[in-house]
Amino acid sequence: SEEEAARQLDAALLAEEEKLAALAEAERAAEAAAEAERKADAARRAEAARAEAEALEVKKKALADKLAAEVREAEKAEAARKEAEAKAEAERVAAEVEAERERKEAERKAEEDKRADLERKEEMEAQAELARRAAAAQAERERLEALARQEEEERAQQEREEEELAAALRAKWAEEGEGENMQ
């Protein structure tokens, strides 16, 4: 009966060991299944992360392109603004230069007009002086001519008087001669 009891105990122990072995196997299988699930989950997560990274990369590229386009537009606008500023500055300088040229031209014209007025005045004064001298010379000539005429008249008068005197003397001499002849 002790042997029976020992056999039963052995049988019970064996059954318990088998049960434990089956449990261990089931646990291993469960762990393997869990590990497979973990791996699959990790693979899914990795794939999702890769897809998200790709999507982010696409977004980043689109954003970079947009930013580059905006920068190009801004640079173009800035260049246009600078060009407009430079053009306006060039026009302002040209206007200043033109105004300065016109001012100098007006000054030169005024100077020329002044000089021409002065020359006209000097010419008129010179002509007036010439006219005055000519008038003075004419007056002097007329005075000298009048003097010459007066002298000529006086000489003619003197000659007439001398002739009259000579004629009177000749007549007187003739009378005296006749008286002498009669005597």
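1. Let's start with a charged pair: arginine 81 and glutamate 78 form a salt bridge, with their closest N and O atoms 2.5 Å apart. Please keep in mind that this is a predicted model. The two residues sit three positions apart in helix 1, so about one helical turn separates them. Arginine 81 is partly exposed at 38% relative accessibility, and glutamate 78 is partly exposed too, at 30%.

2. Another pair to look at is glutamate 100 with arginine 103, a salt bridge whose closest N and O atoms are 2.5 Å apart. Both residues belong to helix 1, where three residues, or about one turn, lie between their positions. Their relative accessible areas are 31% for glutamate 100 and 37% for arginine 103.

3. Further along, arginine 155 bridges to glutamate 152, and here the closest N and O atoms are 2.3 Å apart. Again the spacing is three residues in helix 1, about one helical turn. Arginine 155 is partly exposed at 42%, as is glutamate 152 at 44%. Elsewhere, salt bridges with shared partners link Glu37, Asp41, Arg44 and Arg45 into one network. In total, the structure holds 29 salt bridges.

4. For the surface, have a look at Glu159, Glu161, Glu162, Glu163 and Glu164, which form a negative patch. Of these, glutamate 161 lies in helix 1, which covers residues 2-182, and is partly exposed with a relative accessible area of 45%.

5. Finally, a distance along helix 1, where leucine 147 is found. The C-alpha atoms of leucine 147 and leucine 118 are 42 Å apart, with 29 residues of chain separation. Leucine 147 is partly exposed, at 35% relative accessible area.

Conventions. Residues numbered from 1 in each chain as written. Predicted model: local features only at pLDDT ≥ 70, side-chain atom pairs only at ≥ 80, totals over all residues. Heavy atoms only, no water. Patch = residues over 30% accessible without salt bridge, like charges linked within 9 Å, V, L, I, M, F, W, Y side chains within 5 Å. Areas by Shrake-Rupley, 256 points an atom, 1.4 Å probe, with all protein chains shown as cover. Salt bridge = Lys/Arg side-chain N within 4 Å of Asp/Glu carboxyl O. Lys, Arg positive; Asp, Glu negative; His and termini not counted. Charge placed at Lys NZ, Arg CZ, Asp CG, Glu CD. Helix = DSSP H or I, 4+ residues; strand = E, 2+ residues; numbered from the N terminus. Buried < 20%, exposed > 50% of the residue type's maximum accessible area, 1.4 Å probe, protein only.
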